[in-house]
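Reader: Hi, I have a structure open and would like to go through it with you step by step. Could you take my questions as they come?

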Amino acid sequence: MPVVVVAGMHREARTAAVESLLRAVPDAVAVHHDLDAIEGDRMPRTVRDANGVRDRGRPRMTRPCACCAVRDDLVPTLLTLAVGGAHRLAVVELWDSVEPQAIAELIAAAPAEAIELTGVVTAVDTDSLVPYLSCGDDLAEQDLAMAATDRRTVADTFARQLEYPPVLALACAGTPEPADLALLDQLHQTARRLPLGSPELARVATAGFDADAAAARHHPACALLPQEAEEHGVATLVWHRTRPLHPGRLYAALEDITCAALRSRGRLWLADRPDALLSWDATGGALCIEHAGPWLAALPEAAWELEPAARRVAAALDWHPRHGDRTQHLTFTAPDLDRDTLRRILDSCLLTDDEYAAGPGAWRTLSTAFDALLGVPA
């Protein structure tokens with residue numbers, strides 16, 4: 001049984017996309033876990049088709065995390081629906097703040113002889129695009145948190161919903177603003193964008209999906225990042241340098257850099273952490289910098305073949321005769337982006353000629369600014 005995942009924080013747009021798929025594919029059903037209506041340890045689940053609800057269930061939550069509870073119940077429900085081959089498609093409608101990657105990978109790992117993940121779609125109301133990407137509120141402030149420990153923001157959750165799927169289903173009260181379409185195009189340049197009423201939506205949404213390839217496209221070491229662009233007042237800056245960053249100067253400039261763009265992401269290299277590939281992920285003024293493993297050049301050559309092919313290709317494209325794949329590769333996207341000023345700030349955080357000439361031994365002693373955030377370097 002083919003399965004399509006439909007995500008999105010814009011509830012009306014998401015539900016409309018699901019209804020469109022149910023009408024387009026005969027004998028299709030949709031599964032939805034309503035996390036607004038949890039009572040005690042029971043979580044409502046509905047199965048519906050184009051004519052309405054066919055079945056209601058209230059599976060018991062064995063864990064306090066709502067997303068974990070959905071994961072526990074979803075695949076068994078899909079496997080039950082697949083029995084007998086009565087359904088030509090199952091649509092999984094995710095709740096508002098559920099990100100599609102984890103659910104897509106869960107379904108892709110299920111028994112292939114019973115169900116097959118064939119597509120992932122995020123439904124987007126273009127009128128709300130910039131407000132959601134600008135919203136630094138915690139999900140809990142909007143009653144969208146999945147658990148008491150959920151510290152995600154509206155903006156970063158929405159950005160990941162936008163950038164993961166190959167298909168975006170667009171809703172709009174009128175004609176979409178050219179600037180909004182330009183922003184979508186620059187954030188996710190390979191996505192197919194289709195209006196909700198498009199007859200192509202069902203065909204494109206069920207064309208096939210490779211969860212492993214999708215994961216590789218979002219891993220910091222080999223992420224498919226936006227390209228330099230400018231259209232309808234929306235611009236993307238690609239900052240690519242082969243000199244390490246001074247940890248103290250970068251730390252002092254974090255607020256200016258983070259707030260300069262609506263969305264920024266990529267990988268970076270701090271001078272005092274020569275082996276650590278660091279990921280940069282910022283939306284709506286909130287920044288996350290994390291360890292993303294070692295640079296390929298920091299590994300023994302014998303270990304390179306154990307790395308995914310996409311990682312090795314990305315490293316080869318960045319390879320420097322002295323530093324290997326260590327690099328700065330950050331992208332910044334926003335309406336009215338001041339690229340010149342942002343580029344100057346970023347360049348000012350690189351090692352100076354004298355600092356660079358001092359060599360890696362001296363680089364490790366430059367600053368401890370990131371120690372509290374990332375831990376003391378090895």
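Reader: How many bridges pair E11 and E12, and in which sense?
Author: E11 and E12 pair over six bridges, and the sense is antiparallel. Two strands pair if DSSP finds at least two bridges between them, and the labels come from DSSP runs numbered from the N terminus, with helices (H or I) of at least four residues and strands (E) of at least two. Before we go on, please keep in mind that this is a predicted model, in which local features need pLDDT of at least 70 and side-chain atom pairs count only at pLDDT 80 or more, while totals for chains, interfaces and linings use all residues. Residues are numbered from 1 along each chain as its sequence is written, and side-chain values use heavy atoms, with hydrogens and water left out.

Reader: Ok, and which residue in E12 stands opposite arginine 263?
Author: That is threonine 283. On E14 (residues 328-335), E11 pairs in the antiparallel sense over five bridges, and there the bridge partner of arginine 267 is histidine 329.

Reader: Is E11 mostly covered or uncovered?
Author: E11 is mostly covered, with six of its six residues buried, where buried means under 20% relative accessible area, exposed means over 50% and partly exposed lies in between, for a 1.4 Å probe and protein chains only. Both faces are covered, with Arg263, Arg265 and Arg267 buried on one side and Ser264, Gly266 and Leu268 buried on the other.

Reader: What lies across E11 and E12?
Author: Helix H5 (residues 154-163) lies across strand E11 (263-268) and strand E12 (276-283), and H5 runs at about 105° to E12. Such angles run from 0 to 180 degrees between N-to-C directions, and the axes are lines fitted to C-alpha atoms, for helices over the stretch in contact.

Reader: What is the strand order in the open sheet of six strands?
Author: The order is E9-E10-E14-E11-E12-E13, with antiparallel pairing. Strand E9 (229-231) and strand E13 (286-294) stand at the edges with a single partner strand each, so one side of each is left without a neighbour in the sheet. Neighbouring strands of this sheet are turned by 10° against each other on average, direction ignored.

Reader: How many bridges pair E9 with E10?
Author: E9 and strand E10 (residues 234-241) pair over three bridges in the antiparallel sense, and valine 234 in E10 is the bridge partner of glutamate 231.

Reader: And what sits in the loop between E9 and E10?
Author: Histidine 232 is found in that loop, and histidine 232 has a positive phi of about 50° although it is not a glycine. Most residues other than glycine have a negative phi. At 49% relative accessibility, histidine 232 counts as partly exposed.

Reader: Where is aspartate 336, and is it buried or exposed?
Author: Aspartate 336 has its place in the loop between E14 and helix H12 (339-348), and it is exposed, with a relative accessible area of 70%. Aspartate 336 also has a positive phi, of about 55°, although it is not a glycine.

Reader: New topic: what order do the strands have in the open sheet of eight?
Author: They run in the order E4-E3-E2-E5-E1-E6-E7-E8, with mixed pairing. Strand E4 (52-57) and strand E8 (192-195) are the edge strands, each pairing on one side only.

Reader: In which sense do E1 and E5 pair?
Author: Strand E1 (residues 2-7) and strand E5 (residues 89-93) pair in the parallel sense over four bridges, and in E5 the bridge partner of valine 6 is glutamate 93.

Reader: At what angle do H2 and H3 pack?
Author: Helix H2 (residues 66-82) and helix H3 (residues 100-108) pack at an angle of about 40°, with their axes 10 Å apart. That makes H2 oblique to H3, since angles under 35 degrees count as roughly parallel, over 145 as roughly antiparallel, 65 to 115 as roughly perpendicular and the rest as oblique.

Reader: Which residues meet there?
Author: Arg71, Leu74, Val75 and Leu78 in H2 meet Ala102, Ile103, Leu106 and Ile107 in H3, where contact means heavy atoms within 4.5 Å.
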